[in-house]
Amino acid sequence: MEKKRLYLELENCIGCRSCLAACTQCGGHEERNRNYVYDVNPLVNRQTMPLMCLHCVNPACARSCPAQAIQIHETGAVLSALVEKCIGCQNCTIACPYGIPKFDEEQNLMYKCDLCIDRTKDGIPPMCASVCPSNTLQWLSDSEIEAKQKQFNLDNGKWVTSLPYLEGETNVKVNLPGILQGTTKLF
Amino acid sequence: MQRDKFFKEVENVTHPNEKLVKTHCSYCGMQCGMNLRVNTKTNKIIGVEPRYDWPVTVGKMCPKGVTAYQQTNHDDRILKPLIRDDASLKGTKEGFREASWDEAYDLIVNKFQELQNNYGKDSLSVYSGVSMTNEKCYLTGKFARVGLQTRYIDYNGRFCMASAAGGFMRSFGVDRGSTLPWTDLHETDCLFIAGSNTAECHPTSMFRVWAVQERGGYLIVADPRETPIARRADVHLDLRPGTDLALANGILNQLIQNGYADEEFVNKHTNGFEETKELVKLFTPEYTSELTGVAPEKIIRAAEIYGKAPNAIVMFARGIEQQVKGVDNVSGYTNMALVTGKIGRPKAGVATFTGQGNGQGGREHGQKADALPGYRKIANPEHVKEVAKVWGIEPEEMPEAGVSAYEMFGLMEQKTIRGLYLLCSNPAVSAPNLNYVREQMKNLDFMVCADFYLSESAEFADVILPTTTWAEDEGTVTNLEGRCIKINKAQEPLGESKPDWQIQIELCERLGRGKYFSHLKSASDVGEEFRLASKGGNADYYGITWDKIEKQDGVFWPCKDENDKGTPHMFLDKKFYHPDGKAKICALPYRPPAEEPSEKFPLRLTTGRVVYHYLSGNQTRRIQFLKDMCPEAYVEVHPETAQKYNISHEEKVRLFTLRGEAIYKVKITEAIRKDTVFVPYHFGHDQSINLLTIAALDPMSRMPEFKACAAQIEKLELKKVQ
């Protein structure tokens, strides 16, 4: 089976937050959602965007963890803190350049997106990408992502957020807002 | 099975001690496919899993859909019949006591018979809804006309789909909400969408909408607000609320003037072109702009795109339909497709976004005041004969046509209607001019409400009967494409709740009308009778069996017999349903909204939905996630308008019209016209925007003008806020 990844097309987001509702439905998520959707400019327009864990190849959250509670799965997914190891220091929440890890004060425990590892380890799309009504979140193979890259080409050659925009290489690929400006119209 | 580019082979996750039950969402007309997760030890619904193999929505769900399962085992469920002995408590939640079904039935039968003995059969009324199966909708019509023998039955589609129905009947001679399947949408070259906040009201259409633009196609949106779909439109026609007909005429005029009319199609397959052409000449871009507030160049550009597009689909929703000229708006926009011949083939046509889950099926089979199953008419003696035969009554026994939903409240005031059986609806939130409506509900001699939660309307009842949620019964619904699909049962009814069809049959037996109902022992029995009753009508479901639905991923009506696969695309043979086989291009003079802004009420008030709530909110306001996302009503105001009133973001203000007032938090946004304010309509009691809306009805559809009235804002003194 061809490897698939989470792919974000930010231009598509309609702010329905279905991804957050669906996140609670993943068996391993204790009915808590682990990502974010932001209003980009709420007093002006209705643009929104999801902020998902990008599953960094060299994740700052895991590197900053003194207890090695954040493991990286063989698929590349950066997992949520191991309950028995997490000491609740919150280093990860500070280290993550995108502010992804959430903290449960009561349990003194960090929790974050694990890319629905129970699903994605078997090639089943994560809940967020499964339900996303606008195709902002998609679960695509590398060849499908390559096709997207050809389709959406910006003048500067940058079609996904990549260096220097992000802190490092990520497993999740992101397609920037405004990308449709490059589309050739049918007539 | 239709599989398009979005379809992917995905295996579902099944957790230990769980099974998945294939079904569809309980909410809107999209009827997204979903799997309910059921614990095999407790036999209770515990969650949801995407239904990747449903061809329309391929696993996608909005936040309402994802959390829909939480309704069934919710703490607020009514588990036993409730009786309130003290009528002075009507309009509150107080005074209900639990009772047995027998006691509740006895009381209802006594009261109903007493009213009918004293005041005639028509002193009773049934007010229904279409968020339920075809089987239930069909039986409710029979329950009213054969069981209770009253002429007064109508339903909440009168606040939802009635104008689309009226417009399609006039233009095409048939009312199927979409002339094509949704799997065509992303393959068209231009979507012209008027009065639909698609991203919030039908979110799972959006991946197909965006795909049109991704292919280089165009998106044109007409809406007074820059909604999430309008934000990305190639042209956003930001019109004043209530001026759609002028815009439709203006665009039609441009299409004709610039040579985009398809003369061959017009001559062969339509009537009314010349007359319409003459009428719309008045609607130059400048005059249209004057009426609508849309810049002339945008009108010209929109017409140019639609005219040039090899294939295009005109779509609309409540924004254009909930007006005093809703039917005209529907025919007006439909004219665009008829004049240019962009209809009657794949990837081109006309569609309305059906609001309620079974808004299509529920309006076809006899809940409407003037209609009988199969889209037959009470005014037609032949139609009456056909249905009377299936029902086992004499044609003379068929009650006459009744009145529309809102007009029933008028008859309550006059004491013509004294008793009400309400089901599947919450008019104490959803009807316009609520101060009046709530007063009439309070003054009823006797009211029964069948619901699974204690809605704001149930607060006016003498007896509340606990019904099942959608997941505790089975049957069919017809989605917004006109595709009849199957709802499956995932769990036994909670507590003592019963499905509506069973309640109605048991009541009829106690009312001495059992011989017309007792042979119906299951939803499937009702379904079989309903197929037969629809046979030969415009909306013919005779060939739609539950088996065929399963095999074909749903069946599009009309479907006349066992061998008929159904009709995904309408009018492929260019035959319309008027007697001469032609469609009607309608010449429609412009009328302004019933209430125009004035010195005292300078703002235009429009109402609508948010993505987190469904209709009156009776269901979604109880779901924690949805409540957290949108806990209360608010009023959207443009910053320049806010400055004029010296009000700021999140400040509470008084919003009022000639009919009522309410206090709302201000939400400042540039994504709305300066002359317009918007309030979502999902909220109850003193938060209901329908306290302010106007009950001006469309002369044909009897649809109230929810989308436009004149309002004023008042800044509150500090004391009042506290």
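Mentor: Gladly! Let us begin with a term: a salt bridge is a side-chain nitrogen of Lys or Arg within 4 Å of a carboxyl oxygen of Asp or Glu. Keep in mind that this is a predicted model. In it, A:Glu9, A:Lys148 and B:Glu214 are linked in a network of salt bridges.

Trainee: How many salt bridges does the structure hold over all chains?

Mentor: Counting over all chains, there are 59 salt bridges.

Trainee: What makes the contact of A:Glu144 and B:Lys8 a salt bridge?

Mentor: Their side chains meet at 3.6 Å, N to O. The limit is 4 Å, so the pair qualifies. This pair crosses between chains: A:Glu144 is in helix 6 (residues 142–151) of chain A, and B:Lys8 is in the segment before strand 1 of chain B.

Trainee: Is A:Glu144 buried, exposed or partly exposed, and why?

Mentor: Its relative accessibility is 29%. Buried means under 20% and exposed means over 50%, so A:Glu144 counts as partly exposed. B:Lys8 is partly exposed too, with a relative accessible area of 29%.

Trainee: What do B:Glu714 and B:Arg654 tie together?

Mentor: Their side chains meet in a salt bridge (3.1 Å, N to O). B:Glu714 lies in strand 28 (residues 709–715) of chain B and B:Arg654 in strand 25 (residues 652–656) of chain B, so the pair ties together parts 60 residues apart in sequence. At 29% relative accessibility, B:Glu714 counts as partly exposed.

Trainee: Now for the strands. How do you know that strand 2 and strand 3 of chain B pair?

Mentor: Pairing needs at least two bridges, and 6 bridges join strand 2 (residues 33–39) to strand 3, so they pair. These strands run antiparallel. In one of the bridges, B:Arg37 has B:Gly47 in strand 3 as its partner.

Trainee: Which sheet do they belong to?

Mentor: An open sheet of 3 strands in chain B, with the order 1-2-3 and antiparallel pairing. Strand 1 (18–24) and strand 3 (44–50) are the edge strands, as each pairs on one side only.

Technical notes
Residues are numbered from 1 along each chain as its sequence is written. Chains are lettered from A and ligands numbered from 1 in the order in which they are written. This is a predicted model: local features need pLDDT of at least 70, side-chain atom pairs count only at pLDDT 80 or more; totals for chains, interfaces and linings use all residues. Side-chain values use heavy atoms; hydrogens and water are left out. Helices (H or I, at least four residues) and strands (E, at least two) are DSSP runs, numbered from the N terminus. Buried means under 20% relative accessible area, exposed over 50%, partly exposed in between (1.4 Å probe, protein chains only).
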